[in-house]
Amino acid sequence: MNALNGGYYEIALPALEYAAARDLFLGQYFLARLYADNGSSHTDHAKAYMLFQRIANEHADIDPDDDKRAVYVAKALTALAAYVRDGIREIGLTPDLPRAIEYLHHAATFFNDEDAQFELAT
(Lines give C-alpha, C1' and ligand atoms only; values in the text may rest on other atoms or scores of the structure.)
Protein backbone atom coordinates (compact mmCIF):
# COMPACT_ATOMS: atom_id res chain seq x y z
CA MET A 1 0.00 0.00 0.00
CA ASN A 2 2.89 2.35 0.70
CA ALA A 3 4.25 1.77 -2.80
CA LEU A 4 0.85 2.50 -4.34
CA ASN A 5 0.28 5.61 -2.24
CA GLY A 6 3.77 6.82 -3.08
CA GLY A 7 3.19 6.38 -6.81
CA TYR A 8 5.62 3.45 -7.10
CA TYR A 9 3.32 1.46 -9.36
CA GLU A 10 6.08 -0.86 -10.61
CA ILE A 11 6.44 -2.15 -7.06
CA ALA A 12 2.75 -2.11 -6.18
CA LEU A 13 1.45 -3.80 -9.33
CA PRO A 14 2.79 -7.34 -8.76
CA ALA A 15 1.67 -7.33 -5.13
CA LEU A 16 -1.82 -6.11 -6.03
CA GLU A 17 -2.14 -8.62 -8.88
CA TYR A 18 -1.11 -11.38 -6.48
CA ALA A 19 -3.65 -10.28 -3.88
CA ALA A 20 -6.45 -9.83 -6.41
CA ALA A 21 -5.81 -13.26 -7.94
CA ARG A 22 -6.33 -14.72 -4.48
CA ASP A 23 -9.67 -12.94 -4.07
CA LEU A 24 -8.42 -10.50 -1.45
CA PHE A 25 -10.92 -7.68 -1.48
CA LEU A 26 -8.53 -4.76 -1.01
CA GLY A 27 -6.17 -6.23 -3.59
CA GLN A 28 -9.00 -6.18 -6.13
CA TYR A 29 -10.09 -2.68 -5.20
CA PHE A 30 -6.67 -1.06 -5.27
CA LEU A 31 -5.65 -2.90 -8.43
CA ALA A 32 -8.78 -1.49 -10.07
CA ARG A 33 -7.83 1.98 -8.84
CA LEU A 34 -4.33 1.57 -10.27
CA TYR A 35 -5.73 0.47 -13.64
CA ALA A 36 -8.21 3.39 -13.59
CA ASP A 37 -5.48 5.98 -12.96
CA ASN A 38 -4.95 7.93 -16.18
CA GLY A 39 -1.59 9.11 -14.88
CA SER A 40 -0.22 5.60 -14.67
CA SER A 41 1.70 3.71 -17.32
CA HIS A 42 -0.47 0.75 -16.30
CA THR A 43 -3.80 2.36 -17.17
CA ASP A 44 -6.23 -0.25 -18.42
CA HIS A 45 -9.83 0.89 -18.17
CA ALA A 46 -11.22 -2.44 -19.33
CA LYS A 47 -9.46 -4.26 -16.48
CA ALA A 48 -10.50 -1.56 -14.00
CA TYR A 49 -14.10 -1.86 -15.13
CA MET A 50 -14.07 -5.64 -14.75
CA LEU A 51 -12.65 -5.44 -11.23
CA PHE A 52 -15.07 -2.72 -10.14
CA GLN A 53 -17.92 -4.78 -11.65
CA ARG A 54 -16.80 -7.85 -9.70
CA ILE A 55 -16.71 -5.87 -6.46
CA ALA A 56 -20.20 -4.49 -7.15
CA ASN A 57 -21.60 -7.91 -8.02
CA GLU A 58 -20.17 -9.62 -4.95
CA HIS A 59 -20.49 -6.90 -2.30
CA ALA A 60 -23.24 -4.40 -3.19
CA ASP A 61 -25.45 -5.69 -0.38
CA ILE A 62 -22.97 -5.73 2.50
CA ASP A 63 -24.00 -3.95 5.67
CA PRO A 64 -22.82 -0.34 5.34
CA ASP A 65 -22.85 0.10 9.12
CA ASP A 66 -20.96 -3.03 10.13
CA ASP A 67 -18.68 -3.94 7.22
CA LYS A 68 -15.45 -1.99 6.84
CA ARG A 69 -15.43 -2.76 3.10
CA ALA A 70 -18.54 -0.60 2.59
CA VAL A 71 -16.63 2.59 1.82
CA TYR A 72 -14.64 0.77 -0.88
CA VAL A 73 -17.74 -0.80 -2.38
CA ALA A 74 -19.35 2.63 -2.61
CA LYS A 75 -16.27 4.02 -4.37
CA ALA A 76 -16.28 1.03 -6.72
CA LEU A 77 -19.93 1.67 -7.58
CA THR A 78 -19.17 5.33 -8.25
CA ALA A 79 -16.23 4.43 -10.50
CA LEU A 80 -18.36 1.82 -12.23
CA ALA A 81 -21.05 4.43 -12.89
CA ALA A 82 -18.52 6.64 -14.67
CA TYR A 83 -17.46 3.77 -16.91
CA VAL A 84 -21.05 2.82 -17.68
CA ARG A 85 -21.98 6.45 -18.33
CA ASP A 86 -19.14 6.93 -20.82
CA GLY A 87 -18.75 3.38 -22.17
CA ILE A 88 -15.53 1.53 -22.98
CA ARG A 89 -15.03 1.00 -26.67
CA GLU A 90 -12.33 -1.71 -26.27
CA ILE A 91 -14.77 -4.12 -24.65
CA GLY A 92 -17.92 -3.00 -26.43
CA LEU A 93 -19.44 -1.33 -23.38
CA THR A 94 -21.85 1.24 -24.75
CA PRO A 95 -22.89 4.25 -22.69
CA ASP A 96 -25.90 3.53 -20.49
CA LEU A 97 -26.94 6.56 -18.46
CA PRO A 98 -29.90 4.91 -16.66
CA ARG A 99 -27.64 2.08 -15.44
CA ALA A 100 -24.98 4.59 -14.36
CA ILE A 101 -27.61 6.43 -12.36
CA GLU A 102 -28.64 3.16 -10.68
CA TYR A 103 -25.05 2.55 -9.54
CA LEU A 104 -24.76 6.11 -8.25
CA HIS A 105 -28.13 5.94 -6.52
CA HIS A 106 -27.14 2.73 -4.74
CA ALA A 107 -23.82 4.20 -3.63
CA ALA A 108 -25.47 7.46 -2.57
CA THR A 109 -28.43 6.07 -0.65
CA PHE A 110 -27.41 2.62 0.59
CA PHE A 111 -23.78 3.48 1.38
CA ASN A 112 -24.31 7.22 1.95
CA ASP A 113 -21.35 8.01 -0.33
CA GLU A 114 -20.82 11.75 -0.73
CA ASP A 115 -19.08 11.45 -4.11
CA ALA A 116 -22.05 9.54 -5.51
CA GLN A 117 -24.45 12.08 -4.02
CA PHE A 118 -22.48 14.88 -5.68
CA GLU A 119 -22.48 13.09 -9.04
CA LEU A 120 -26.25 12.61 -8.85
CA ALA A 121 -26.75 16.28 -8.04
CA THR A 122 -24.77 17.50 -11.05
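Is the crossing of α4 and α5 left-handed or right-handed? The first point takes this up, and everything below refers to a predicted model.

1. The crossing of α4 and α5 is left-handed. Helix α4, which covers residues 45–59, packs on α5 at an angle of about 130°, and the two axes lie 9 Å apart. Since angles over 145 degrees would count as roughly antiparallel and 65 to 115 as roughly perpendicular, α4 and α5 are therefore oblique to each other.

2. On the α4 side of this contact are His45, Ala48, Tyr49, Phe52, Gln53, Ile55, Ala56 and His59, and they meet Val73, Ala76, Leu77, Ala79, Leu80, Tyr83 and Val84 of α5. By class, the residues of the contact of α4 with α5 comprise 12 nonpolar and 3 polar, with no charged residue.

3. Helix α5 (residues 70–86) also packs with helix α6 (residues 97–109), here at an angle of about 165° and with the axes 8 Å apart. With the limit for this class set at over 145 degrees, α5 and α6 are therefore roughly antiparallel to each other. The crossing of α5 and α6 is left-handed.

4. In the contact of α5 with α6, the residues contributed by α5 are Ala74, Leu77, Thr78, Leu80, Ala81, Val84 and Arg85, while α6 contributes Leu97, Arg99, Ala100, Tyr103, Leu104, His106 and Ala107. The residues of this contact divide into 10 nonpolar, 2 polar and 2 charged.

5. Turning to α5 itself, the helix has 17 residues and spans 25 Å between its first and last C-alpha, which is close to the 24 Å expected at 1.5 Å a residue. The residue that follows α5 is Gly87, with a positive phi near 80°.

6. Which residues of α5 are buried? They are Ala70, Val73, Ala74, Ala76, Leu77, Thr78, Leu80, Ala81, Tyr83 and Val84. The buried residues of α5 pack against α4 and α6, and also against α3 (25–36) and α7 (114–121).

7. A residue of α3 that deserves a separate look is Gln28, which lies within that helix. Its relative accessibility is 2%, and because buried means under 20%, Gln28 counts as buried. Leaving aside residues up to four places away in sequence, Gln28 touches Ala20, Asp23, Leu51, Arg54 and Ile55. Ile55 is also one of the α4 residues in the contact with α5.

Notes:
Residues are numbered from 1 along each chain as its sequence is written. This is a predicted model: local features need pLDDT of at least 70, side-chain atom pairs count only at pLDDT 80 or more; totals for chains, interfaces and linings use all residues. Side-chain values use heavy atoms; hydrogens and water are left out. Axes are lines fitted to C-alpha atoms, for helices over the stretch in contact, and angles run from 0 to 180 degrees between N-to-C directions. Helices (H or I, at least four residues) and strands (E, at least two) are DSSP runs, numbered from the N terminus. Angles under 35 degrees count as roughly parallel, over 145 as roughly antiparallel, 65 to 115 as roughly perpendicular and the rest as oblique. A crossing is left-handed if the near helix is turned anticlockwise from the far one by less than a right angle, and right-handed if clockwise. Contact means heavy atoms within 4.5 Å. Ala, Val, Leu, Ile, Met, Phe, Trp, Tyr, Cys and Pro count as nonpolar, Asp, Glu, Lys and Arg as charged, and the others, Gly among them, as polar. The expected span of a helix is 1.5 Å times one less than its number of residues. Buried means under 20% relative accessible area, exposed over 50%, partly exposed in between (1.4 Å probe, protein chains only).
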